[in-house]
Amino acid sequence: MLSPTIQEALNKQINHEFYSSYFYLSVSAYFESLNLGGFAHWMRLQSQEEREHGMRLLDHLYDRNGQATFEAIAQPPIEFHSPAEAFQQALQHEDHVTQSINRFYELAVQEKDYAIQVELQWFISEQVEEEKQARQILDQLKMIGDQGAALYLLDKELGERESDA
Ligand code: FEO
């Protein structure tokens, strides 16, 4: 049985995941505008992953006979000043998501909801991976600075990312 507290937290996290999807789509559009197709592709796949995260939680809600509330999704930032700043924002965003997942986990422990704890353990591991990826690319962008040839090569590399689905 899903408690009202856990149901509310699940709906909130579902909203965060769909916002994340929207956020990455916006970053992807920024890279499209720079004609950096590899970065845009990478961000588009990230957006798809975030949608899958939202769907995974939504399925958990349905499996437990919960009610979805589908609150409004906020507008993401649409202006970025450099590729490095876009990845800086992505890293910052993932840090917020990690904090949100951790708070949710603490709540699940308090509420003695073991099923959502198991589900959230997957998300906790996923956050480690997502923060690592964003940090690595940000560090590479900082190293590259304004060297166009190196940016071109990184764009090619990111364009090879494949979907996990
Ligand atoms: Fe689903 Fe990147 O958090």
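Mentor: Let's start with a term: contact means heavy atoms within 4.5 Å. By that rule, and leaving aside neighbours within four places in sequence, phenylalanine 87 is in contact with Phe31, Phe39, Trp42, Met43, Ala134, Ile137, Leu138 and Leu141. This is a predicted model, where local features need pLDDT of at least 70 and side-chain atom pairs pLDDT 80 or more, while totals for chains, interfaces and linings use all residues. Numbering runs from 1 along each chain as its sequence is written, and side-chain values use heavy atoms, without hydrogens or water.

Trainee: Why is serine 28 called buried?

Mentor: Buried means under 20% relative accessible area, exposed means over 50%, and partly exposed lies in between, with a 1.4 Å probe and protein chains only. Serine 28 has a relative accessible area of 3%, so it counts as buried. Serine 28 belongs to helix H1, and, beyond its neighbours within four places in sequence, it is in contact with Ala40, Met43 and Arg44. Across the protein chain, buried residues are 45% of the 165 residues.

Trainee: And what makes a set of residues a nonpolar core?

Mentor: The set must hold buried Ala, Val, Leu, Ile, Met, Phe, Trp, Tyr and Cys residues joined through side-chain atoms within 4.5 Å. The largest such core has 24 residues, and Phe31, Phe39, Phe87 and Ile137 have the most contacts inside it. Helix H1 (4-33), helix H2 (37-63), H3, helix H4 (114-144) and helix H5 (148-158) each supply at least two of its residues. H1 gives the most, with 6 residues. Another core lies apart from it, with 16 residues, among them Leu57, Leu58, Val97 and Ile101.

Trainee: What share of the contacts joins residues 24 or more positions apart?

Mentor: Among contacts in the protein chain with a separation of 6 or more, such pairs account for 78%.

Conventions: Helix = DSSP H or I, 4+ residues; strand = E, 2+ residues; numbered from the N terminus.
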